[in-house]
Amino acid sequence: MSAAIASVAAPAAAQSLKTGDIAVLASYYEIRGSDCLALRAPRVTITLQPRLGVASIVQTRGQSGDSGRCAYKTVPIAQLVYQARQPGSDSLAWEVKYQNKTVGTRRYSATLGIAPAP
């Protein structure tokens with residue numbers, strides 16, 4: 001079974017937020033490449049909670065990327081959402097468990113710079 005796996009994540013260094021901001025740090029979905037079947041969203045688990053903000057996983061629906069045979073397909077998506085609460089440098093980590101055994105489980109982390117709101 002071949003699979004198109006997509007994860008869209010902003011580079012950690014590019015994340016510069018202000019207190020009160022809410023940002024989608026990453027979005028994950030999974031498509032079986034042989035027939036473009038949208039699979040359930042990968043399971044995302046926060047493994048290190050941030051200290052200065054709140055992170056949560058949101059299940060939604062959206063479209064796959066704009067490239068390849070399975071472009072613009074409606075898919076279930078798991079999003080990692082972060083809300084900045086206090087200024088400073090914040091870190092978090094998470095893992096993504098895919099249904100495709102070849103891909104398995106991937107681990108990610110991010111460091112965010114939080115500026116005071118104007």
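Over the protein chain the mean pLDDT is 87, and 87% of the residues reach 70 or more. Because the model is predicted, local features need pLDDT of at least 70 and side-chain atom pairs count only at pLDDT 80 or more, whereas totals for chains, interfaces and linings use all residues. Residues are numbered from 1 along each chain as its sequence is written, and side-chain values use heavy atoms, with hydrogens and water left out.

The protein chain contains zero helices and nine strands, where helices (H or I, at least four residues) and strands (E, at least two) are DSSP runs numbered from the N terminus. Along the sequence the pattern is accordingly β-β-β-β-β-β-β-β-β. Of the 118 residues, 40% count as buried; buried denotes under 20% relative accessible area, exposed over 50%, and partly exposed the range in between (1.4 Å probe, protein chains only). Among contacts (heavy atoms within 4.5 Å) with a separation of 6 or more, 63% are made by residues 24 or more positions apart.

Four strands are arranged as an open sheet in the order β2-β9-β8-β5, with mixed pairing; two strands pair if DSSP finds at least two bridges between them. Strands β2 (16-18) and β5 form the edges, each pairing on one side only. On average, neighbouring strands of this sheet are turned by 35 degrees against each other, direction ignored; the axes are lines fitted to C-alpha atoms, for helices over the stretch in contact, and angles run from 0 to 180 degrees between N-to-C directions. Strand β8 (residues 88-97) pairs with β5 in the antiparallel sense over five bridges. In β8, V96 is the bridge partner of V44, and W94 is the bridge partner of I46. Strands β8 and β9 also run antiparallel and are joined by ten bridges; G88 stands opposite I114 in β9.

The largest nonpolar core comprises 22 residues, and those with the most contacts inside it are L25, Y28, L80, Y82, L92 and W94. A nonpolar core is defined as a set of buried Ala, Val, Leu, Ile, Met, Phe, Trp, Tyr and Cys residues joined through side-chain atoms within 4.5 Å. At least two residues of this core are supplied by each of β3 (22-32), β5, β7 (74-84), β8 and β9 (105-115). The contacts of L92, not counting residues up to four places away in sequence, are with L25, L48, P50, A55, L80, Y82, S109, A110 and L112. Among the residues touched by L92, A110 is found in strand β9 and is buried, with a relative accessible area of 8%. The C-alpha atoms of A110 and L25 lie 8.6 Å apart, although the two residues are 85 residues apart in sequence.

A search of the whole structure for disulfides, defined as pairs of cysteine sulfur atoms within 2.5 Å, finds one. This disulfide joins C36 to C70, with an S to S distance of 2.1 Å. The pair links distant parts of the chain, 34 residues apart: C36 is in the loop between β3 and β4 (37-38), and C70 is in the loop between β6 (53-63) and β7. The torsion about the S-S bond of C36 and C70 is about -85 degrees, and the disulfide is therefore left-handed. Both cysteines are buried: the relative accessible area is 13% for C36 and 12% for C70.

Backbone torsions complete the description. Most residues other than glycine have a negative phi. Phi of C36, however, is near 60 degrees, a positive value in a residue other than glycine. A positive phi of about 60 degrees is also found for Y72, which is not a glycine. Y72 lies in the loop between β6 and β7 and is exposed, with a relative accessible area of 52%.

Key. pLDDT = per-residue confidence, 0-100.
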